[in-house]
Amino acid sequence: MRGGEAIIESLKNMGVKTIFGYPGGQTIPFYDMLYDADIDHILVRHEQAASHAADGFARASGEVGVCLATSGPGATNLVTGIGTAFMDSSPIVAITGQVPTHLIGNDAFQEADIIGITMPIVKHSFQPKDPDLIPSMIKTSFEIASTGRPGPVLIDVPKEVQEGELTRFDDTLIDTPGYNPTVKGNLRQVKKACDLIKEAKKPMILAGAGVIISNACCELKQLAKTINAPVMTSLLGKGAFDETDDLALGMLGMHGRKVSNDYINESDLLIAIGIRFSDRTTGRLDSFAPDTKIIHIDIDPAEIGKNVDVDLPIVGDARNVLSSLNKVLNDYHPSKEVNDWTDMIKAKKLELLPRVTYDDVPLKPQRVIKEISEVLTPESILTTDVGQNQMWAAHFYNTQKPRKFISSGGLGTMGFGFPSAIGAKVACPDNPVVSINGDGGFLMVCQELATVREYDIPVIAVVLENRTLGMVYQWQSLLYDKRHSQTLLGNSPDFVKLAESFGVNAQRVTKPGETKEALTKAIKDNEPILIDVVIDSEEALPMLPPGAGINEMIGEYKLERDVI
């Protein structure tokens with residue numbers, strides 16, 4: 001067995017059925033061995049799409065996604081996707097080719113120190129100098145990527161190591177001193193949390209992606225129902241709690257729901273679970289829940305107290321901690337004060353529902369998201385790009401189940417939406433997958449239309465066309481006196497013709513009702529399609545400007561109750 005064959009065999013042993021990649025000079029040996037292998041490979045049209053597709057695969061399935069690129073520019077083209085996965089705690093293994101060992105450090109053709117470049121954005125890196133090390137390194141990479149707080153791991157394989165013969169196939173896990181994630185929460189801390197909950201009169205819950213990653217959604221629901229506490233989420237926490245539930249308040253933060261932003265500072269206890277309190281969630285820190293006691297549950301101790309001071313930290317896996325907490329709270333019954341608080345919040349939620357009913361032309365994005373919501377089922381997967389399209393989806397689309405809303409949160413990567421949808425569809429072929437994109441972000445990865453066509457991956461790409469770099473355009477309108485510097489995209493391309501040039505069917509939508517019709521047909525036809533939706537370029541979401549407090553939103557927050 002040669003090194004490249006050992007990579008393939010090791011990936012199969014880890015349950016990998018599909019990898020996303022792009023060949024090059026230093027991976028030719030591996031690709032030659034892949035030619036006869038019984039593992040699927042999807043040839044993307046740009047390496048960045050490989051990393052995003054692996055990321056989308058991981059987020060949709062909960063399994064480790066795998067991407068592959070050659071050395072030098074191939075490897076560096078993975079960097080943005082690796083950084084995206086790192087910021088959002090998504091488990092991927094990125095395998096790169098490298099120049100032969102004796103050339104490393106000589107500035108050889110297509111040589112790049114990809115281990116040095118990615119060091120701040122991976123959990124760990126490996127570079128086997130001996131083919132015998134490959135099985136152990138791959139098994140250990142999967143272990144590191146998927147345990148504790150998940151994240152990317154890089155394996156950089158020199159060319160001659162791919163070609164070299166193994167003397168034995170040994171996939172014993174490599175000892176990783178210092179890596180021992182705390183999984184079970186301290187029971188004393190759990191009991192203290194129980195005491196704080198029993199004392200609280202205005203509890204609220206803030207759920208992040210950690211709830212989804214740890215498969216703790218049922219435990220979260222049990223806690224919320226037991227203590228009768230309203231539930232908010234971060235952007236990446238969407239789906240951790242059914243957003244159609246009476247207790248669900250929606251997203252908190254810069255573009256959050258008004259009821260969440262307005263009332264979090266009135267709570268006397270905030271239970272934060274699997275969340276890192278990013279600036280986009282909290283607003284200005286000194287105005288975030290200043291008089292509220294905070295319980296913070298997270299598997300990563302580095303996140304506790306990093307941004308927000310907490311009263312009670314609990315380090316551990318969200319599912320384990322919540323299970324313990326629910327047992328301790330088994331005999332708890334919320335007081336009249338708690339019930340009155342929650343009833344008031346429920347009433348405010350209905351009163352402050354954002355407006356989605358419009359008949360305007362050009363289309364309002366709220367109306368578009370409403371029509372998408374009417375077509376998709378709870379099992380459908382929605383991915384987004386980054387910018388206004390992302391926030392419209394996050395704000396107006398109610399996600400009911402985990403791993404059904406996929407978006408780039410921490411890094412905010414334009415170009416993420418479409419290739420991540422490819423990965424999600426490969427992971428979940430029976431689920432409809434819709435990708436919502438802005439025209440700017442889609443143009444960064446539009447070459448992947450060739451990928452969905454050649455592999456017949458029935459992803460539905462919805463492009464919200466407003467001919468601007470929408471989020472920057474909005475900031476320039478609200479904060480820079482409408483000085484729209486370099487945010488107008490002009491009139492090219494014609495997205496319908498662009499898709500058709502790749503052999504992908506496309507349809508343009510301009511009127512109310514047409515989005516729903518087009519999406520319904522696309523799901524029924526089950527083939528790749530682009531839906532070009534022309535929207536109002538001047539429509540903006542209310543937002544927290546930089547430096548503002550959580551309840552200091554600017555811009556008009558339009559309410560559904562005001563529809564005549």
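Student: Which residues of helix 17 are buried?

Tutor: The buried residues of helix 17 are Gln388, Asn389, Gln390, Met391, Trp392, Ala393, Ala394, His395 and Phe396. Buried means under 20% relative accessible area, whereas exposed means over 50% and partly exposed lies in between, with a 1.4 Å probe and protein chains only. Helices (H or I, at least four residues) and strands (E, at least two) are DSSP runs numbered from the N terminus.

Student: What should I know about the model and the numbering?

Tutor: The model is predicted, so local features need pLDDT of at least 70 and side-chain atom pairs count only at pLDDT 80 or more, while totals for chains, interfaces and linings use all residues. Residues are numbered from 1 along each chain as its sequence is written, and side-chain values use heavy atoms, with hydrogens and water left out.

Student: Which way do the side chains of strand 13 point?

Tutor: In strand 13 (residues 381-384), Ile381 and Thr383 point one way and Leu382 and Thr384 the other way; all are buried. In a regular strand the side chains alternate between the two faces of the sheet.

Student: Which strands pair with strand 13?

Tutor: Strand 13 runs parallel to strand 15 (residues 433-438), with 4 bridges between them, and Thr383 has Ser435 as its bridge partner there. Strand 13 also pairs with strand 14 (residues 405-406) in the parallel sense, over 2 bridges; Leu382 stands opposite Phe405. Two strands pair if DSSP finds at least two bridges between them.

Student: Changing topic: what is the strand order in the open sheet of 6 strands?

Tutor: The order is 2-1-3-4-6-5, with parallel pairing. Strand 2 (40-43) and strand 5 (124-126) stand at the edges with a single partner strand each, so one side of each has no neighbour in the sheet. The twist averages 20° from one strand to the next, with axes being lines fitted to C-alpha atoms, for helices over the stretch in contact, and angles running from 0 to 180 degrees between N-to-C directions.

Student: How many disulfides are there?

Tutor: A search of the whole structure finds 0 disulfides, a disulfide being a pair of cysteine sulfur atoms within 2.5 Å.
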